[in-house]
Amino acid sequence: FLQKLGKKVDSRSLSLAHCDLTATDLLELATLLEFLPQLEELDVSWNELIGGCLKALTSHLRHVVGLRALRLCGCRLSAEDATALGEMLSCTSLLEVLDLSWNGGVGGAALQGMLGKLGPSLLELRLVSCQLTAVDAAVLGSAVSALPRLCVLDASCNPLLGADGGALGQLAASLSHAAGLHTLRLQACGLTVDSLKDLGASLHLLPALRELDLSCNKSLAGGLKHLTLHLAHFTGLESLDLHLCGLTCGDLEALIQALPPLQALTALDVSSNKEVGGVVHPLVSALPLKQMKHLPLNSCSLNEESFTSLALAVPFLSSVDVSWCKVVGGRLALLLDALQPSVVVELRLSSCALTTDDLLHLAAVCRRGALSSLRLLDLSYNGSVGQEGWSGLLAAGGLAGLEELDLSLRPCSSASCSSWLPSLLRALRLPALTRLAAQRWTVDAQDREKLDRLLRKRSVCLEWDSAGEG
C-alpha cells in the first residue's frame, strides 16, 4: 500500500499528506493499521477526498494504543467526521498532538463533542481556520480547562471567535488552568479592546509563555495598554507578533515602555503598522538588541531618521525585512554596511524603489563575503534598477548558501532580461539554489531554450511567466 503511494515504511511515523487519498484508500489504510502496532505519529493532511469518510479510519485507530500525534489538516472534514473523531479520542489516552486546521466543518456543534473527549496528556491543539464561532470560544475554553499539560494552542484565522466578548472571556479565563502554555496564537480572530482586557488579566498567570501572536486583529487599535500592563510578567517571552493591528501612537508608546523587562525577546513583529515609522529609534533603544533575531519593519512608513535608527539593530538580526518602504531606495548602503557576516539569512527588499547603484553596492557586499550565510534574497518589484545592476549582482558571487532568489517585476510590468541572461544562467548554478522567481521578465525563444537546458540538469524551481516570453 505504501509503495503504491511512493512512501517508505516507518513503524513509528506514517505521513500520507498530499497523497490524493480516496475513501477507498482510507479504508485500505485502516485495515492495515493492525500491522503497525508501534505507530505513534499519523499524518493524512491535505487529502480533500477523505472528507465525510473519516469513520472508516477512526474505527480502527482506536486500536493503535500508542498514538501520540494525529494530523488531519485540510481534509474537508464534516460534522460527522468530527463526531467520529471524538469517539476515537476517548480511547486514545496518550495523544499529545492534534491538528485539525483548515477544516471548516470542525466548527459548530460537533466541536464540543470532540474536544470533550480529549485526554489530559494533550500538549498541542491546532484549530487554524476551522470556522470557529463565539460559541466555540466557550467550548474551547471548557476544553482547555481540562488540559493541564497543554503547551501550544493555535486558533488563528477564525475571525468570528472574538465576536462575543463574554465567550472569549471564558476562553481567556480558562488559560489559567494551562500554566505550562508556552505558545498562544490568536491571529485574525476578531479580537477587540475588550478581548485584550480579558487576555491581559489571564496571561499574567502563564509564567511559561514564550510566543504570543495577536496579529491581524485591527480592532485592537487603541487598547494595547491592557496587554502591555501585564507584559512585565512574561520575562521568558521570546516572540511577540502584533503585525497588521492598526496600532496607534498610544499603543506603540505603551509597548515601548513595556519592552525593557523582556530580556529574552528574540522576535518582535510590528510590521504593517504605519505609525511605527515614527518611533523606530525609541523602539530599538528599548529592545535587548544582542538577543534580537527578527524585527520586520515592512510597510511601516519608514522615514530617513527611522531607517537610520534601524541600522542600530541590523548587526544582530538574522532576518531583515524593509519591503514596501520607498525610503530604502538610494540608501541601501546604510543597511548593507551594518550587516554582520554569517548572521543574516533572510534579506527582503521588495518594492523598495531600489536603484542601480543600490544593487551594485549589494554586489560589492556579496563579493566581500558578508552575505555568505544568506538563504533568501527578495528583490522583487524593483523595476527602477537598470540592467547593469542586475548583471552586477548575479555575477558578483559570494552567495553559495542562497536557496531562494526573487527578481520578479510588478504585475502588468514587462522587461527583457536578455542583456543580463548570461549572469542569470550563472546564478542558476549556485549550489544551494532551489527557487528562482523572475516573473514578468521576457526572453526570446533561443534564450528560453538555454534556460530549460540548464534547469533539466538542476532541481531549481523557476517561476517564469511563459506568456511573457518574447
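Modeller: Start with a charge pair. Side chains of opposite charge can pair when their charged atoms come close. In this predicted model, Arg448 and Asp452 form a salt bridge, with N and O 3.1 Å apart.

Biologist: Where do Arg448 and Asp452 lie?

Modeller: Both are in helix 16 (residues 445-457). They sit four residues apart, about one turn of the helix.

Biologist: Is Arg448 buried or exposed?

Modeller: Arg448 counts as buried, because its relative accessibility is 16% and the cut-off for buried is under 20%. Asp452 is partly exposed, at 29%.

Biologist: How many salt bridges does the structure hold?

Modeller: There are 16. One of them pairs Glu96 with Arg68, the closest N and O atoms being 3.1 Å apart. That pair links distant parts of the chain, 28 residues apart. Glu96 is in the loop between helix 3 (79-89) and strand 4 (97-99). Arg68 is in the loop between helix 2 (55-61) and strand 3 (69-71). Arg68 is partly exposed, at 30% relative accessible area.

Biologist: What about Glu238 and Arg210?

Modeller: Their side chains meet in a salt bridge at 4.0 Å, N to O. This pair also links distant parts of the chain, 28 residues apart. Glu238 is in the loop between helix 8 (225-228) and strand 9 (239-241). Arg210 is in the loop between helix 7 (193-203) and strand 8 (211-213). Both are partly exposed: Glu238 at 34%, Arg210 at 36%.

Biologist: Which residues gather in a patch of positive charge on the surface?

Modeller: Arg426, Arg429, Arg456 and Lys457. Take Arg429, in the loop between helix 15 (421-427) and strand 16 (435-437). Arg429 counts as exposed because its relative accessibility is 52%, and exposed means over 50%.

Biologist: Now the cysteines. How many disulfides does a search of the whole structure find?

Modeller: A disulfide is a covalent bond between the sulfur atoms of two cysteines. The search finds zero here. Cys130 is in no disulfide, and the nearest cysteine sulfur, that of Cys73, is 8.5 Å away. Cys130 is buried, with 0% relative accessible area.

Methods:
Residues numbered from 1 in each chain as written. Predicted model: local features only at pLDDT ≥ 70, side-chain atom pairs only at ≥ 80, totals over all residues. Heavy atoms only, no water. Patch = residues over 30% accessible without salt bridge, like charges linked within 9 Å, V, L, I, M, F, W, Y side chains within 5 Å. Areas by Shrake-Rupley, 256 points an atom, 1.4 Å probe, with all protein chains shown as cover. Lys, Arg positive; Asp, Glu negative; His and termini not counted. Charge placed at Lys NZ, Arg CZ, Asp CG, Glu CD. Helix = DSSP H or I, 4+ residues; strand = E, 2+ residues; numbered from the N terminus. Buried < 20%, exposed > 50% of the residue type's maximum accessible area, 1.4 Å probe, protein only. Disulfide = S-S within 2.5 Å.
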